[in-house]
Amino acid sequence: MDGDAGMGKTTLADEVSRRARRDGWRTAWGACLEGGAAPAYWPWAQVLRDLGASADRLHESSADADPSARFRLFDEVIEMLRGSSANGLLIVLDDLHWADTASLRLLQVLATEVGRRKILALGLYRGKDLPAGDTTSVLSAIGRERACTRLTLGGLSDDEIARLAAAALPHEPDARLVRVVQDRSEGSPFFALELLRLVGEPGGSTGTALPRGVREVIGRRLDSLTPATRHVLCQAAVLGREFTVGELGGLTGQPPQVVLDGLDEARGRALVSEGVAQDFRFAHALIQEVAYADLPAVQRQRLHAGAAAAIGDDDARVDALAHHLRRAATLGSADAAMAATLRAARRARRQLAYEHAAFQLGQALELFPLLPDQTHVRADLLLELARCQFRSGAVTPAWASCQQAAELGRAAGDAALMADAATVLRGISNTAVDPVCDEINALCRETAPLLTGDPVREAKVLAQQAITAYAFASDGSTELSDRAVQHAEASGDPDARFMALQARQVQLVHPRYLLERLTNGEHAVQLGRETGRDDYLAWGHLWRLDAFWELGRRQRMDRELADYAAVVARMKQPLEQWRLTMVQACQAEMRGQFQQARALADQALLIGRRNGHEGAEFVHLIVRARIARLTGHGAEDAARDVGRFVESSPAGAHAWLAFQLLEMGRVDDAAAAFRVIEPHIGEFPQHAPEWIPATTGMAYLCTRLSTRDTAAPLYEALLPFADRQVVAGAFTGSEGPVARSLGMLAMQLGEFDAAETHLRAAVQSAIDMGSPPYEALTRFEIARLSLARGRPENGRTAASELDTALRLAHRLGMRPLQERISHLRAEQPARRSPLSRREEELAALVAEGMSNRQIAERLYLSERTVETHVRNILTKLDVTNRTQIASWVAGRSTGTRTPTSPR
């Protein structure tokens, strides 16, 4: 719920809560505090306490080496909320514009998990006061969730202001006063009420003397207080929107009773409200803000210093301590402010609240102008800030922090610092998606020669250099990863060893290194088991899954997928969940379960968008476009989106667009797109992971568009990999067996025997992989080959293969293939039928699935006569069963060459 200050968000939430409790719902409130004075997850801690649950889990120390730890924490909290929702649960989160980002991330996960639970989470915030950066982006992401509804509160109408005046004043309001309130409040309920209260107080203003701004009217109301009350209230404002009598007494040095006496008048004037156990709260955030601004700057600083002294060394309140010390830093508390701020950052990181840790570290860095030069400490803080930013998903800010640290290392001649700055960001390997890749790679190239006698850093920098290298500019050498492995093994450091394995995986992408990649995955799995690191295990199983899919080993592939899914279930890490869901989508597509594949791919896209994964849209397009080619479903949209992508891509990318257009029947447009790339065939580097998919795609285009000149080099390039599947990665899916492309190329070259060998192998491969779509596509090519041979004995083969392909295509919903089969049959010359008219009539009824008895009843014949006709039909068609009669009828109706038709 969005609304300007004073628009009534909290009042409306109060009313919703009242009605929810009336209907038997449980309610819980959490409020966010301004300025970083509250610890991470503060609003959620309040919610859990309201529900009688322990908030200790949110504040426990956790080892953050496991990137899935935070998501397990979130899952535990949401499970607690589910346990409180049997009769309905309302959660109100107030002032979300001040929320720490970790709390917003937890709300985001809740928004995806609500499902059919009877849970309503109501978040209140001021859209105009949203800070730039994470808060705005996460709230926007939450707003895109299906379970989320946005509500923006506008101002009251003139009639509503008049009714409010009548209710608020003890007497009939003067019409002129109402008009002034209507004009000056601009519909703000809070402003209107404050104006009316100002009028109603002793010595209150007349209508014409009313202030024109909401802060001015609050100031007038504060002016009307006794000096003692106003002084206490302004001092309380230093503590924030909420405060206790004990805290205020500690700040002012006054006993509790004196403090309470000073607050009585403010409470009577509705400036503050009292909760339980002498807890107080300013009636509105604007009242606290105006009271705070009323203090002179030096007095504010002294009061913040007093508040810090009152807090003392309470670790549970270290965020508030750091906040007050920073506000008083210019009075000489900069060292203490730095120490407290770093304590708050460490605490936030132990809570897995990386965003809040990054906030505290940023605040610590701002204190350096007040401290003596501490370059090394500053560099350490920048690296720690970068780690927290990267863990929170803020890649660009994290790299900016790394660059600042690297610059300090460069100036000091500190190669170790430069190495650490170069290796904070992990898994950044796609230069097209991650623009920081080139900059990281440049820093690695600069740093590597400077490192001597430090095998851990040498291994990591060399590995990072290999991982971030631009694949299309590489010579395919594995020298960097070989050196990285050598240094990593010498060091024995698990992190260095894993980075070296990642580098190895990146540099071993050439198809000839497939078995080495399989072994590399096994090493990652072993390292994960040795160290207890699920992220190492996940990568290892995924790498092995990729390799087994490329090898066409279905059983081993399924086993690795099961192991990978088990690790992902433990990790509860969104990026891994995205990868797993995409793998599952691609497997469903391979099996011909296209509807399920689309649903899973869409689900993965939501996960990717929700967590800011920049490659999610592109991977989704790859799978969506392939399903569109196979089924015709969404073909126009897919072609449009692919067209947009290739506009800013190298010339070779136009093959993708040509592929899409060709399957839509837009042959001329496909040929035009193909002409753009034809001169560049063969330029695609073999050490790029997409080489086999790109090359088989080119093969398909040149065979469909009859470009014989390009077929020979493509055939020679693909031949060594005839036993492979066309796979760049398990989460981008497969284009079926390489042998199918080889068969089509051999057919184009007139090498019919080789073509048949390849296509028969491709059919068997598709069957072994459980992939009926590619079985159907390959059988269609065998039919084309049989017809191209032109021999009489091949006619029966063609008809049989087309029948099987059509049956599969019809069952799977592969409309483009069905249309190609119809066109191929229509291209064959008309033929005489060997059957008489009566026999053709009976054959048609057999094709409908009717029994001899049913046919006899339909044609008023004896059943014995029908049996005789059926025997004659089988003899004349040279077939052995009724199914083959049905196939002959189907081929007859579309002009397909049949076994017994004259040629």
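Helix H19 spans residues 375-391, 17 residues in total, and covers 24 Å from first to last C-alpha, close to the expected 24 Å at 1.5 Å a residue. That expectation is 1.5 Å times one less than the number of residues. Helices (H or I, at least four residues) and strands (E, at least two) are DSSP runs numbered from the N terminus.

The model is predicted: local features need pLDDT of at least 70, side-chain atom pairs count only at pLDDT 80 or more, and totals for chains, interfaces and linings use all residues. Residues are numbered from 1 along each chain as its sequence is written, and side-chain values use heavy atoms, without hydrogens or water.

The buried residues of H19 are Ala379, Leu381, Leu382, Leu383, Leu385, Ala386, Cys388 and Gln389. Buried denotes under 20% relative accessible area (1.4 Å probe, protein chains only). These residues pack against helices H17 (334-350), H18 (354-366), H20 (395-412) and H21 (415-422). Contact requires heavy atoms within 4.5 Å. Gly393 follows H19 and has a positive phi, near 95°.

An open, parallel sheet is built from three strands in the order E1-E2-E3. Pairing requires at least two DSSP bridges between two strands. Twist averages 15° from one strand to the next. Six bridges link E1 to the parallel strand E2 (residues 89-94). Thr27 has Leu90 in E2 as its bridge partner.

Helix H1 (residues 9-22) lies across E1, E2 and E3, at about 155° to E1. Axes are lines fitted to C-alpha atoms, for helices over the stretch in contact, with angles from 0 to 180 degrees between N-to-C directions. Helix H2 (residues 42-50) packs on the sheet and touches E1 and E2; its direction also makes about 155° with that of E1.

Technical notes. Buried means under 20% relative accessible area, exposed over 50%, partly exposed in between (1.4 Å probe, protein chains only).
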